[in-house]
Amino acid sequence: MGRSSLCRFSVQLIVLGLAMLLSLAVAAVSARSQKSGAPAGTAPAENVENGRKAFIQHGCFSCHGFSGEGGAGPRLAQNPIPFQAFVQYVRRPKLTMPPFGTQVPDQELADIYAFLKSIPPSPDPKGIPLLANP
Amino acid sequence: MRKSHLVSDRRDFLKLAATSAAAIVAGNTASAQQSETSVAKLATDAASGAEPLSPVRAGSDFMLDVIKSLGFEYVAANPGSSYRSLHESTINYGGNRNPELLTCLHEEAAVAMAHGYFKIEGRPMAAYMYGSVGMQHAAMAIYSAYCDRVPVVVFVGNDTDMTNRSDRTDMAHSAQDVGHLVRDFTKWDDTPVSLNHFAESAVRGYKIAMTPPAGPVVLAMDKYLQERAIPDGMKLRIPKLSPTTPPEGDSGAVAETAKLLVNAEFPVILAERAARTEAGLKYMVQLAELLQAAVVDTIQRMNFPSRHPLNQDIRVLADADVILSLENPLLWSAVNGEDEQSPLPGRSPGRSKLKPGAKLISISSLDLFSRSNYQDLGRYQEVDLSIGADTEETLPELIEQVKRLITPDRKRAFEARGAKLAAAHQRAQEQNLLRASYGWDGSPLSTARVAAELWAQIKNKDWSLISRSDGMSGWAQRLWNFEKYYQHIGQSGSVGIGYSAPAAVGAALANRKYGRISINLQNDGDLMYQPGVMWTATHHRIPMLAVMHNNRAYNTEVMQVERMAGQHHRDVGRCRIGTAIDDPAIDFAKVAQGLGWYAEGPITDPKELGPAIRRALAVVERGEPALLDTVTQPV
């Protein structure tokens with residue numbers, strides 16, 4: 001862990017802000033993608049293993065965890081936002097997430113998206129004895 | 001009593017040492033033989049002396065009497081020649097009890113141990129320091145104690161008189177003004193020139209250190225004042241310690257505060273270092289429950305029980321019409337948010353998070369003492385009522401004033417407010433449990449799972465978290481039931497790396513006599529600043545369990561550099577250069593074993609975690625330190 005003063009509260013606020021902005025971005029990006037002719041919410045052909053590697057290679061895991069389960073950044077696993085919104089957000093995010101611009105090619109973004117969708121669901125907390133009655 | 005002056009003995013010693021050293025350095029057999037002859041002659045001369053040597057009462061013996069009078073249980077120190085006389089007095093004249101000397105492998109560790117010890121024990125630990133070099137090593141830890149308002153009493157040896165310095169070491173390790181090094185971040189320092197001056201300044205220093213706002217003090221001890229025999233007939237006196245009562249808030253201002261709180265629709269209590277003791281924690285609960293007011297705890301101290309229904313997220317500040325801020329140097333940061341439109345996130349002028357017309361009240365002892373150079377006081381925040389006083393001392397009167405003003409109508413309104421807050425707290429708890437389930441079976445280990453597995457095995461014991469409770473993404477704070485003052489020790493104050501491991505050892509030492517299980521959630525980067533403190537824990541039989549947050553990086557810095565790469569439109573993927581600690585991955589179990597700890601790891605399979613914790617806790621309960629190297633998610 002590091003020394004910088006990203007305190008618990010600011011991290012929580014950042015996560016919350018990101019989540020809200022992501023949902024707002026969905027509508028805007030859907031409109032844009034329709035303009036360019038690409039069907040909203042669809043991804044190019046994808047490779048889950050390449051996506052896992054790219055997720056690590058581009059440092060996404062530092063904030064979102066190795067399996068996209070969240071951390072300093074929001075949870076991305078299993079049910080990411082629609083693909084075009086995802087692409088748009090990675091390229092031009094808000095607040096503290098670094099803008100990736102064109103650093104990550106479309107194909108890699110598609111692979112990362114596939115990887116995030118492929119992550120198996122977490123167990124129900126009610127079924128985890130340690131969380132059922134902490 | 002022996003009358004001869006110690007300096008003559010010292011000259012003999014130095015002469016002999018110099019002769020021997022010269023022989024060794026030159027590798028000259030003839031010189032070495034000469035040296036051996038000199039040693040033999042000196043030994044014969046000593047043996048033939050008719051009078052037995054009687055103990056010398058050195059200046060440092062009196063200094064130790066003074067130190068003992070202040071009730072120090074321990075003194076943490078890395079050895080050094082500028083306080084060798086006090087060292088010897090401590091272990092022989094003083095019998096190495098009250099204070100007992102703790103062998104530390106670095107001065108930063110010594111002071112940080114004292115820092116952690118105070119936060120459990122409520123009394124300061126002393127630290128002996130070696131002149132200029134020891135003080136430079138200790139500076140960071142002294143700064144942390146200053147920022148965290150923790151009293152540490154540092155006694156630093158210094159060779160003040162240049163004509164007494166004999167060699168390169170004496171010269172390089174002396175300073176004209178040894179306290180100057182840390183004066184910007186200590187409450188007070190002095191350089192006594194006589195033993196009675198030392199006595200007065202030591203007692204005064206202790207008193208200043210302990211008066212809120214507490215802080216570190218430094219007392220220089222001249223090397224020869226320590227070493228010279230006390231002249232016959234010299235009158236020495238140890239002044240009585242007269243502790244200063246902590247400052248209490250002005251009664252009129254406290255009454256006005258009570259009125260504002262009772263009449264508020266949605267008051268919020270914002271606590272930073274509000275509780276100094278278990279009593280302060282009880283006052284906090286009493287005040288919050290009387291008002292059924294939301295409490296936002298920044299957990300710099302154990303201010304409020306984590307599972308209390310009035311314990312709320314900081315977002316409630318946005319709904320507040322009255323905010324009572326307690327001992328908060330960063331109030332501006334708490335009530336202002338980042339401007340989302342700023343082109344440079346994190347550097348914006350900020351925008352208020354408060355409702356228009358919201359009243360701000362501050363009770364803080366920080367208004368009574370400040371330094372200039374270091375900027376831990378944060379930005380200036382306008383408030384409606386500023387009470388310069390110690391919170392814990394002021395709360396009983398505030399509670400009484402609030403009680404007098406509560407009418408049946410207000411009480412009904414408070415109860416309705418409390419019910420809503422309790423429901424919000426419950427929803428937050430459920431969200432926490434849901435979030436804790438994310439990645440539950442993943443590898444590297446989820447930080448939530450590490451916290452939950454630990455909690456399951458300590459919750460029925462008398463436990464104490466001797467590291468920050470918001471480490472590991474705050475999972476301990478979110479999942480554990482903190483309700484007693486000693487159950488967490490807050491943060492470092494300076495947000496510096498290198499504090500946590502030694503502070504944990506100091507806190508564990510304080511917990512030892514109460515039989516508590518000490519748990520340290522230990523970050524990997526932090527441990528490597530002062531790994532030697534693990535040896536100190538072994539050597540002094542200090543039981544504690546360290547569970548690693550081993551994410552193999554300075555991960556906050558990874559994220560910071562990634563943010564810059566993004567802002568500069570460059571390769572974000574390269575930002576682990578200079579921030580990762582993974583090639584090679586440090587084998588913390590081996591490091592700990594080499595320093596005498598029981599250790600297991602690296603643990604990457606979540607199923608192995610519970611059994612490993614069980615085995616390690618058994619070791620700790622036997623009175624030994626144990627470490628689990630758990631390889632975790634980044635955050």
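**Entry 1**

I looked up Leu270(B) first. Its bridge partner in β8(B) is Val296(B). I am working from a predicted model. Strand β7 of chain B covers residues 267-271 and is joined to β8(B) by four bridges. The two strands run parallel.

**Entry 1: α11 against α13 in chain B**

Next I checked a helix pair. Helix α11 (residues 278-291) and helix α13 (residues 391-405), both of chain B, pack at about 25° with their axes 10 Å apart. Angles under 35 degrees count as roughly parallel, so α11(B) is roughly parallel to α13(B). The crossing of α11(B) past α13(B) is left-handed.

I listed the contact residues. From α11(B) they include Tyr283(B), Leu287(B) and Leu290(B). From α13(B) they include Leu395(B), Ile399(B) and Val402(B). By class I get ten nonpolar, two polar and two charged residues in the contact of α11(B) with α13(B). Glu392(B) and Lys403(B) of α13(B) are among the residues in this contact.

**Entry 2: α3 against α8 in chain B**

Helix α3 (residues 59-69) and helix α8 (residues 195-210) of chain B pack at about 20°, their axes 10 Å apart. α3(B) and α8(B) are therefore roughly parallel to each other. How does α3(B) pass α8(B), in a left-handed or a right-handed crossing? The crossing is right-handed.

α3(B) brings Gly59(B), Phe62(B), Met63(B), Val66(B) and Ile67(B) to the contact. α8(B) brings Leu195(B), Phe198(B), Ala199(B) and Ala202(B). I counted the classes for α3(B) with α8(B): eight nonpolar, one polar and no charged residues.

I searched for cis peptide bonds. One joins Asn98(B) and Pro99(B), with omega about 10°. Pro99(B) lies in the loop between α4 (84-93) and β2 (100-103) of chain B. The bond from Gly601(B) to Pro602(B) is also cis, with omega near 0°. Pro602(B) is placed in strand β17 (residues 598-603) of chain B.

In chain A I noted Gln78(A). Its phi is positive, about 70°, although the residue is not a glycine. Gln78(A) is in the loop between α3 and α4 (83-91) of chain A.

**Entry 3: where chain A meets chain B**

I checked the interface. 37 residues of chain A are in contact with 50 residues of chain B. Which helices of chain A each supply at least two residues to this side? They are α1 (8-35), α3 (61-64) and α6 (129-132). The largest share, three residues, comes from α3(A). I sorted the side of chain A that touches chain B by class: 17 nonpolar, 15 polar and five charged residues.

**Entry 4: chain B overall**

I find 22 helices and 18 strands. The C-alpha trace of chain B spans about 90 × 60 × 50 Å along its principal axes.

Key:
Residues are numbered from 1 along each chain as its sequence is written. Chains are lettered from A and ligands numbered from 1 in the order in which they are written. This is a predicted model: local features need pLDDT of at least 70, side-chain atom pairs count only at pLDDT 80 or more; totals for chains, interfaces and linings use all residues. Axes are lines fitted to C-alpha atoms, for helices over the stretch in contact, and angles run from 0 to 180 degrees between N-to-C directions. Angles under 35 degrees count as roughly parallel, over 145 as roughly antiparallel, 65 to 115 as roughly perpendicular and the rest as oblique. A crossing is left-handed if the near helix is turned anticlockwise from the far one by less than a right angle, and right-handed if clockwise. Two residues are in contact if their C-beta atoms, placed from the backbone, lie within 7 Å. Ala, Val, Leu, Ile, Met, Phe, Trp, Tyr, Cys and Pro count as nonpolar, Asp, Glu, Lys and Arg as charged, and the others, Gly among them, as polar. Two strands pair if DSSP finds at least two bridges between them.
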